[in-house]
Amino acid sequence: MDQCICKAVDAAISPLVSLVTEHLTYLLKAEDNLDELKKVAAELAARRKDVDERIQSGCRTTGGTATIEVSKWLQGADRIVARAEALHRRYGERARCLGGCSVDFWSGYAIGKTAAKMIPDARREFDRGVFQQVVIVLAGRHDKSEIDNPAAAGREYRYLDQAIQFINDDAVKMVGIWGMGGVGKTHLLKSINNSFARQTCFDVVIFVTASRECSVARIQSEIVNTLDLPAINNVQDQARIISDFLREKNFLLLLDDLWERLDLGAVGVPMPSAAGEQHKRKVVLTTRYLKVCGQMGVSRRNSIKVECLDGDDAWLLFRETVGEDTIGSSPAVEAVARKVAIKLGGLPLALITIGRAMYDKEDPAEWRHAIDLLQDARHDEVDPDAAKEESLFHTLKFSYDRLRNDALRDCLLCCSLWPEDFCIPKNDLILCLLGLGVIDGFDDMQSAYNIGYDLIASLRSACLLNDDDFGFGVRVHDVIRDMALWIACDCGERKKKWFVKAGLGLTEAPPQGTGIVWGETDRVSLMHNRIKAFHGSPGSSSPAALTTLMLQGNRLSKISLVASPSLAALAYLDLSHNKLNGFPENICRLTTLRYLNLSFNLIPELPAELKLLTSLEYLILRESNVRIIPAGVIRELEALQMLDLHGFRSGAVKYSPWLFEELEALNNLKALEISVKDVNQLNRLDELRRTRIRSLNIFHLEQTTLPLLATPLGSSRIQNSLFDLEIAGSTTLEEIVFDDARSYRNPCFHNLEKLSFDAMHRLNIVLDRLVAREVFPRLCTLDFRYCNSLKDVSWILYLPCLRILVMRSCRSVTQLISSTQNDDGKGEVVAAPTFPSLKRISLINLPALECVCDPAYTFPCLEQFVVIMCGRLTKLPFRADTIPKNLKFIRGDETWWERIEWEDDVCRTSLKLSTSTFLPLGSSEKGIARYVLIH
C-alpha cells in the first residue's frame, strides 16, 4: 500500500518538479542562454552576409533578382538577428538600471526563457541558409535598379509601409503621394523604388521625374532610357513601342514631381490593372497638389499626405546634416542649433539646406546671427554663396508661381501678416481679403465668402495652408510664411516693403528707422502684441506708401495717426481687440480708408465726422458698445458694403427711427450684422427690404413663445443671407416654433453655419429630427449655454454638417440624445444612427447628465470629447468596437475618469492616461487630463 502511495506521489510530483526545474533554469542560465544566442545569431548574420553578396554579384552579372525562397530566408534571418540584438540590449539596460545587480527576477526569467526558445530557431535558420541558386533571371526584364537614397527615418517608415500596402493590394490601381515642397516625397518614392527593386513581384520598376516642364515626349524619353528601348522622334510611334514592351509585363511606374495631369495612354503606359487581371501594373505618383491626384484618377483613400517631421526626427536630421563635430563643438552651439531646428518647423528641405550652410559654423555668435536672419525671413542669406536656383525660398517659390491667379498668390501673402503658427480663423482671413480688395466683383456677400473659401481650399490643396482640427481656421507653415514675406518684399530686394512683427510680445511700436520706413513701407502688421500706444507721425515730405496698418489684439488706449501725405494711401486699418475708450477722431481725416475695424473696444458714440470717410466699404464695430450713431452719418457712407453692429447688448442701446431708413438708402450695402433687443426691434427688420442680414443677435425677448415664421425670420430673404444666429438673455421664452402647422411650411436657413442659445433659462427646444435637417442643412456649430430647462437635443442627430457641439451649464439635461422614439414616433430606435460630421463634443457643468446617447450610435469623425463637471455621467458614448477611429483625445476630470463604468475590458484597455498631456499648474483647466486612444 505504501509503495503504491509513493508511486502515485512520485507520478504527480515528478512533472511538477520537471516544470519548476525547467523554468528555474530560464532564470539561472539567462546569461548563458543570451551568450549562446548571441553566438548563433552572429553565425547567422555572417551567413546572411555571404548570401547577400552572392545575390549582389549575380544581379550585377545577370541582371537577375533574388529567388522567392532566398528572399523569404533573408527576411527571416533579419528578424531573428534583430530580435537577438534587441533582447541582448534589453538585458544590458536592465542590468544598468539596477546598478549591475540583477534582482529583477521576473524580467530575468522572461529574457532567459525567450533566449532559450530562440536558440533552436536561429540554428534551424542557419542550417536553411545553404542555396545552390540565389538569383533568377527574368526573360525580357531590362532594368530594375536601386537608387542612391539615404535610409528612411522616423515617420517615413509609416508612409513607406502604407505605400507598399497599397501597391500590394490588387484592388488599388494608383497611389498618390502629396505634400508641400521639400517635405520628403521624392525621398519616399526612391525608398519605394528600392524596396521593390529587391523583390520579384514586378518585372520592371521605372522611376521617372516629371518636374515642372513635363510633357509626353519628355516622359517617353526617360522611360526609353531606363528600359533601353529604341528611341523614335514621333510621339505616337514611341508610345506604341513602350506599350508593346510593357503590355505583357508586371510593372511599377513611379512618377515623381507631377505638377499637372499626364495622359498615360499618350505616353504608351498601359492602364493600371485592377483585381483579377493577368498582369500586375501599378502607378505611384508624387505631387504638391491634391487635385493632381484626383486628375490622375487616384482615389482619396489611396492617397498619402506626407507631413513635416516631428521634433525628435527633425532634430536628428538637422544634427546629422550639420555634423556631430560642429554640433558638439560647444554646449552653446547645440543650444542655439536646437532653436534653429525648431524654427524650421520640421521641413526636411529647410533642415538640410540650412544644416549644410551651418556645417562649418562653430562659433555660437554665427548661430545667433543665423537665428536673427531666420526671424527676419532672410533664410537665403544664411548661405549667401549658394546658387540662387538651389536656394530654399527659390525652390519653394515654384508652388507660389504655379498658383492659377493673383488672388491665390495675394491670399497666401496675406496669411504671412499673422503671427507664426497662428490659427487664422477663415472668416477673419476672408474679411481681410475683402478689405484689401483681393476679393471683389461679387454680387452678394455670401458669394464673396464662397470665393474666399475656394481660395483657401485651393491653397490647402497646394499644401501651402493647413486646416485646423475642425476646419474653421488655417495655419501656414513657418517656412512658407517666411517665404511669403520674402516674396512680398520683392524677393528680399526691398526688405522694408512689408514690416511684420506680429505676436512677438512687443510693448511698444518699433521706432522710426528700425521699423516702419515712411515712404517705403507698404504694409505693417503689429497685431497680437502688448503695445499700449501708437503714434504715426511721418514727415510731410515722405511719399504716400502705407496702405495697410494692422494693430489688432494689442492694449492700445491711444492712437494718433496724423493726416499727412505719407498716409494719403492708407486704405486698411484694423484696431480691433484693443482698449480704446472712444473713437479716434483723427481717423476721420484718413479719407482713403476702405476698411475700418474697431471691434471689441469701448466706443460709446460714433463721431459725426465719420461721414467724411466716403470711400469706406467695410465698417466693423462688433462688440464695441456703441450706443449713439448720429443722424445722417450712415447715409453718407455711400460706398459701404458691410456694416457690423453685432453684439450691442447694453440696455441703453436704441436704434433711432431713421437708422433703418439710412441703411436702406445705401445702394452698395451687401451685408448687415446687427443685434436687436426685443421683439419690437426684431419686427423692425421688416423695414430692411434690400439689406441682407448676415449675422443676427436677438436678446431680451419677453414673450413665452417665438413663432419664427411670424417674425422677419420667416422671410426667405433673411433665411438665405443669415450665416450666424444667436438668441440670448431671456427669462421668459419657453418655446421656439419652427413650423407652421396650418401651411405645413418649415423655414430653411440655407447658409446658417453657427447657432447659439445663451442664458435662455426657460427654453426647451423640441424639434422633429427630419424637420431639423430641413431647417438647418449647413449648420456647423451649435452652442448651448445656461439653458436650464433644456432636457435633450435629440434633434441634432440629423444635422448633416454639424462639426462642433458645446453644452455648458444646462442643468436639466439628463441625456443628450434620446433613443425613445424614431422619426415617426413609434418608440423604435433609428436604424444605424450616426453623427456624420461631428468632430468635437464639449460637455461642461451639466450636473444632471447621466448619458450622452445609446452606445450603438456612431461618431465616424469624432476627434475630441471633453467632459468637465458632469458628475453623474459614468459611461462613454461608445463601446470598444465603436470607438471613433479619428479620436485624438478625451479630456476630463481625473476623478470623473476613475468613476467610468466600462462596457468591457477591451474598451478600458483601448484608452489610457497620457501623462505628458497634463496641463501646467496655473492653467484655467487645472486638474484636467487627457486620455488618448491607443491604436
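Of the contacts in the chain with a separation of 6 or more, 69% are accounted for by residues 24 or more positions apart; a contact means heavy atoms within 4.5 Å. This is a predicted model, in which local features need pLDDT of at least 70, side-chain atom pairs count only at pLDDT 80 or more, and totals for chains, interfaces and linings use all residues. Residues are numbered from 1 along each chain as its sequence is written, and side-chain values use heavy atoms, with hydrogens and water left out.

**The chain as a whole**

- The chain has 27 helices and 32 strands; helices (H or I, at least four residues) and strands (E, at least two) are DSSP runs, numbered from the N terminus.
- Among the 935 residues of the chain, 52% count as buried. Buried means under 20% relative accessible area, exposed means over 50%, and partly exposed lies in between, with a 1.4 Å probe and protein chains only.
- The accessible surface of the chain is about 42,400 Å², and 49% of it belongs to carbon and sulfur atoms. Such areas come from the Shrake-Rupley method with a 1.4 Å probe, and for residues only the protein chains shown count as cover.

**Confidence of the prediction**

- The average pLDDT of the chain is 83, and 84% of the residues score at least 70; pLDDT is the predictor's confidence in each residue, from 0 to 100.

**A parallel sheet**

- Five strands form an open sheet in the order S4-S5-S6-S3-S7, with parallel pairing. Two strands pair if DSSP finds at least two bridges between them.
- Strands S4 (204-209) and S7 (303-305) stand at the edges with a single partner strand each, so one side of each has no neighbour in the sheet.
- Neighbouring strands of this sheet are turned by 15° against each other on average, direction ignored. For such angles, axes are lines fitted to C-alpha atoms, for helices over the stretch in contact, and angles run from 0 to 180 degrees between N-to-C directions.
- Strand S5 (residues 251-256) pairs with strand S6 (residues 281-287) in the parallel sense over five bridges, and Leu255 stands opposite Leu285 in S6.

**Strand S3 within the sheet**

- How many residues of strand S3 (residues 174-178) are buried? Five of the five are, so the strand is largely enclosed by the rest of the structure.
- In a regular strand the side chains alternate between the two faces of the sheet.
- Both faces of S3 are covered, with Met174, Gly176 and Trp178 buried on one side and Val175 and Ile177 buried on the other.
- S3 runs parallel to S6 and is joined to S6 by five bridges; Trp178 stands opposite Thr287 in S6.
- S3 also runs parallel to S7, with three bridges between the two, and Ile177 stands opposite Ile304 in S7.

**Helix H11 and its surroundings**

- Helix H11 (residues 311-322) has 12 residues and spans 16 Å from its first C-alpha to its last, close to the 16 Å expected at 1.5 Å a residue. The expected span of a helix is 1.5 Å times one less than its number of residues.
- The buried residues in H11 are Asp313, Ala314, Trp315, Phe318, Arg319, Thr321 and Val322.
- The cover over these buried residues includes helices H12 (324-327), H13 (331-343), H14 (348-357) and H15 (364-375).
- After H11 comes Gly323, which has a positive phi near 110°.

- Ser416 lies in the loop between helix H17 (406-415) and strand S8 (424-425). Ser416 counts as buried because its relative accessibility is 1%. Apart from neighbours within four places in sequence, Ser416 is in contact with Arg481, Ala484, Leu485, Trp498 and Val500.
- Glu125 belongs to helix H4 (residues 105-128) and counts as buried at 12% relative accessibility. Not counting residues up to four places away in sequence, Glu125 touches Leu44, Trp73, Gly76, Ala77 and Ile80.
- Thr895 is in helix H26 (residues 894-898) and counts as partly exposed at 48% relative accessibility. The C-alpha atoms of Thr895 and Met869 are separated by 9.9 Å, and the two residues are 26 residues apart along the chain.
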